[in-house]
Amino acid sequence: MSKMQTIAVLGAGITGITTAAKLAEQGFDVTVIDRQRYAAMETSFANGGQLSASNAEVWNTWGTVLKGIKWMLQADAPLLVNPKPSWHKISWMLEFMSNIPHYERNTIETTRLAIAARQHLIDLGQKWGVKFDYSECGIMHVYSDQKELEHARNVTQLLAKGGLERSELTAEDIKLKEPTLQGNYIGGFWTPSDSTGDIHSFTFGLAEAVRKAGVQFMMETELSDVSIEGKGVRVTDDKGQSHYFDGVVVCAGVGSRALAKKLGDRVNIYPVKGYSITVNLRDELSRNSAPQVSLLDEEVKIVTSRLGPDRFRIAGTAEYNGDNRNIRQDRIDPLIKWCNRHFPDVSTESVVPWAGLRPMMPDMMPKVGRGRHPQVFYNTGHGHLGWTLSGITADTVAGVVAAERDKQR
């Protein structure tokens with residue numbers, strides 16, 4: 001029996017490229033396939049930047065469901081659901097609600113994964129020489145609503161069970177932590193072990209590094225089919241060219257559901273759109289007035305990261321609107337207005353908008369590991385925590401693939 005050696009990684013986002021790096025370290029012959037010309041051009045292009053174990057709480061609560069209904073017709077709401085029905089959306093939401101009883105367990109497990117992921121990501125960056133505006137700045141959650149603050153105290157207990165320590169802040173503490181922040185916040189939480197970084201710089205830089213080390217790339221390649229063939233997998237592109245591999249790891253974000261179906265698996269990912277703006281800090285006053293600490297404003301679900309000296313990333317919102325990649329101005333405007341309100345001395349004259357589709361599983365847990373067939377593996381469905389969890393899930397799936405190879409010897 002020939003051993004598993006050639007592996008196709010489907011997708012060149014953060015999960016695909018970290019998986020390719022980990023597989024290369026395990027001695028596999030790796031080929032990355034993606035429809036874009038470069039790595040990290042879709043969901044891994046301009047996210048909020050946070051590496052945030054403190055944001056590990058899963059969304060499966062009745063409170064989230066009720067908020068979604070309340071906000072359904074409010075264009076600038078943090079959570080927006082297109083009321084137009086589809087079977088995929090309905091089935092996903094039914095599964096989402098069926099996982100509400102697992103809220104505590106999944107929040108604790110996600111916290112544990114996020115903490116374990118930190119060192120893997122740092123090690124990848126150091127080993128492969130990747131620069132990505134990494135900052136051990138800590139993350140501060142701020143609250144203007146008493147009920148939300150009380151809920152956060154309960155979440156803090158769950159995070160602690162997963163191994164994360166964070167401390168409660170008073171309104172005065174918030175001002176001391178980040179003097180540039182304006183607003184009437186009643187309290188908050190501080191997680192010094194969390195950090196930030198530019199996901200695009202990391203993913204693109206890592207892709208170029210592993211390419212030089214021998215990982216093959218088939219970019220600008222749209223897949224028309226992927227199928228089980230004997231003890232391997234055949235991948236066919238839209239030009240009719242096919243390639244045979246001993247195994248495949250699906251890391252295709254919101255495209256993973258369709259690929260999994262072809263491979264005999266059900267991976268019920270739904271695309272949840274998120275938006276961001278990158279504020280270019282072109283003048284000294286703006287650079288001095290933008291925060292150094294990373295923030296999460298819980299009332300409006302907006303996160304921020306300082307990416308180097310001259311960029312300020314602001315991201316937020318969740319939009320259930322199918323495979324729609326349009327950048328809606330009515331979803332961008334609240335991010336700009338938030339910046340103007342809370343950081344009035346930061347100029348928003350130069351703002352770059354972006355939208356990306358988060359691959360969300362109904363239980364908010366990533367799909368990592370084996371598929372139905374022994375040559376099929378998954379590392380996908382990370383939702384809003386792909387950047388945070390990528391290091392550990394890549395290491396996990398590479399270990400599973402290596403175990404399958406070693407079993408065949």
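I began with a term: the expected span of a helix is 1.5 Å times one less than its number of residues. I took helices (H or I, at least four residues) and strands (E, at least two) as DSSP runs, numbered from the N terminus. The model is predicted, so local features need pLDDT of at least 70 and side-chain atom pairs count only at pLDDT 80 or more, while totals for chains, interfaces and linings use all residues. Residues are numbered from 1 along each chain as its sequence is written, and side-chain values use heavy atoms, with hydrogens and water left out.

**Entry: helix H1**

I looked up H1. It has 12 residues and reaches 17 Å from its first C-alpha to its last, close to the 16 Å expected at 1.5 Å a residue. Next I asked about burial. Buried means under 20% relative accessible area, exposed over 50%, and partly exposed in between (1.4 Å probe, protein chains only). H1 is mostly covered, with 10 of its 12 residues buried. Among them are Ile 14, Ile 17 and Leu 23. Just after H1, I found Gly 27 with a positive phi of about 95 degrees.

**Entry: helix H4**

H4 covers residues 103-128 and has 26 residues. From first C-alpha to last it reaches 37 Å, close to the 38 Å expected at 1.5 Å a residue. Where does H4 bend? I found a bend of about 25 degrees at Ala 117. A bend at a residue is the angle between axes fitted to the seven residues ending there and the seven starting there.

I listed buried residues of H4, including Tyr 103, Ala 117, Leu 121 and Trp 128. An α-helix has 3.6 residues a turn, so residues three or four places apart point the same way. What do the buried residues of H4 pack against? I noted helix H1 (14-25), strand E3 (50-51), helix H5 (146-161), helix H7 (199-212) and helix H11 (386-407). Just after H4, Gly 129 takes a positive phi of about 70 degrees.

**Entry: cavities**

On a 1 Å grid over the protein atoms alone, a cavity is a set of points where a 1.4 Å probe fits but cannot get out; lining residues have an atom within 4 Å of a point. Grid points are joined across faces, edges and corners, and a volume is the space filled by probe spheres set on the points. I counted 3 cavities of 30 Å³ or more. The largest cavity has a volume of about 80 Å³. It is lined by 14 residues, and the closest to its centre are Leu 51, Ala 117, Arg 118, Leu 121 and Thr 388. H4 and H11 are the elements that give two or more residues to this lining. H4 gives the most, with 5 residues.

Thr 203 lies in helix H7. Is Thr 203 buried or exposed? It counts as buried because its relative accessibility is 0%. Contact means heavy atoms within 4.5 Å. Leaving aside neighbours within four places in sequence, the contacts of Thr 203 include Ile 14, Ile 17 and Ser 44.

Phe 189 sits in strand E7 (residues 187-191). Its relative accessible area is 3%, so Phe 189 is buried. Beyond neighbours within four places in sequence, Phe 189 is in contact with residues including Ile 139, Leu 149 and Leu 169.

Most residues other than glycine have a negative phi. I noted Asp 133, with a positive phi near 55 degrees. Asp 133 lies in the loop between H4 and strand E5 (139-143). Asp 133 is partly exposed, with a relative accessible area of 32%. Met 364 has a positive phi near 65 degrees. Met 364 is in the loop between strand E18 (351-360) and E19. At 8% relative accessibility, Met 364 counts as buried.

**Entry: strand E11**

Two strands pair if DSSP finds at least two bridges between them. E11 (residues 232-237) is largely enclosed by the rest of the structure, because 5 of its 6 residues are buried. Strand E10 (residues 223-229) runs antiparallel to E11, joined by 6 bridges. Ile 228 stands opposite Val 233 in E11. E10 and E11 form a hairpin with 2 residues between them.

Notes:
1 Å grid on protein atoms, 1.4 Å probe; cavity = no way out; pocket = protein on both sides within 12 Å on 5 of 7 lines; lining within 4 Å.
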